[in-house]
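Take a look at the model below. This report covers its metal site and its salt bridges.

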Amino acid sequence: MTAPLSPSDIARSTVASRAAVFIDKDGTLLDEGSRTTQPAPLRFQPGALECLTALAAKGLALIVVTNQSGLSMGHVTRREFSQRQAALERQLVEAAGIALTDFVVCPHTPAPDGQPACLCRTPAPGLLIRAARAHRIDLAASWMVGDTLDDIEAGRRAGCRTLLLNTGRETQWRRSPLRTPHARCTHWDAVTPLILASGNDLCAPDESNAAAAG
Ligand SMILES: [Zn+2]
């Protein structure tokens, strides 16, 4: 006869280990000239939708991560940004049947000296950690995909694997171990095999989670 589960056992058993792909928005998901601070229609980077469709089919949660300091600087209102975010999410569904698990935003402005003034603006990992808690994401099994080394640093600080989609937007190349991607490529077509090659351990639990989530 087995002992009844303690509260901590129950807590552990309900902490699903779903993997996610965190995706930077401007310049990675969207064409650099097609920011959500501009009116629709939005232009996705070539190959992005095909890749995200394939990753979602493997049960990976898809979470968009973005710095939007224009919110705190008054360049865009919360209402306007929400409308643009909704338009992006709608376009993902209509164009490719892609439903995001979340879309997380840092609205803060960096300090005048460029130093972080919050815990969520990338390269800080706060957005990833918050989303992981909200959706029971296994960060160690997850990936951050971005086009700058700040995205890579945020992913590494959160404990994720990191993939630099080098589309030419990174220009400073301030290097450090935290800013070294686990993988890199120049086109979304290469992202799917890189992430899926990272192991069946990544995918197996996700499929059961996806089934459980209906
Ligand atoms: Zn922030």
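Helices (H or I, at least four residues) and strands (E, at least two) are DSSP runs, numbered from the N terminus. The model is predicted, so local features need pLDDT of at least 70 and side-chain atom pairs count only at pLDDT 80 or more, while totals for chains, interfaces and linings use all residues. Residues are numbered from 1 along each chain as its sequence is written, and side-chain values use heavy atoms, with hydrogens and water left out.

**The zinc site**

Start with the metal. Donors are N, O and S atoms within 2.8 Å of the metal (3.2 Å for Na, K and Ca); water is not among the atoms, so sites may look incomplete. Zinc has these protein donors: Cys106 (SG), His108 (ND1), Cys118 (SG) and Cys120 (SG). They lie 2.1 to 2.3 Å from the ion. Their spacing in sequence is C-x1-H-x9-C-x1-C. Histidine 108 and cysteine 120 are 12 residues apart, both in the loop between strand E3 (102–106) and helix H5 (126–135).

What is the geometry of the site of the zinc ion? It is tetrahedral, with angles of 102 to 118° among the four donor atoms. Four donors count as tetrahedral if all angles lie between 85 and 135 degrees. The ideal angle for four tetrahedral donors is 109.5 degrees.

Next comes burial. Buried means under 20% relative accessible area, exposed over 50%, and partly exposed in between (1.4 Å probe, protein chains only). Histidine 108 is partly exposed at 33%. Cysteine 120 is buried at 6%.

**Salt bridges**

A salt bridge is a side-chain nitrogen of Lys or Arg within 4 Å of a carboxyl oxygen of Asp or Glu. By this rule there are six. The table shows some of them.

| Pair | N to O distance |
|---|---|
| Aspartate 31 and arginine 43 | 3.1 Å |
| Arginine 169 and aspartate 147 | 3.0 Å |
| Arginine 157 and glutamate 153 | 2.9 Å |

Arginine 169 sits in the loop between strand E5 (161–165) and strand E6 (183–185), and aspartate 147 in the loop between strand E4 (143–146) and helix H6 (149–158), so their bridge ties together parts 22 residues apart in sequence. Arginine 169 is partly exposed at 30%. Aspartate 147 is buried at 0%.

Arginine 157 and glutamate 153 both lie in helix H6. They are four residues apart, about one turn of the helix. Arginine 157 is partly exposed at 45%, whereas glutamate 153 is buried at 11%. Both belong to a network of salt bridges that links Asp150, Glu153, Arg157 and Arg179.

Definitions and conventions:
Four donors count as tetrahedral if all angles lie between 85 and 135 degrees; four count as square planar and six as octahedral if opposite donors are over 155 degrees apart and all others between 65 and 115; anything else is irregular.
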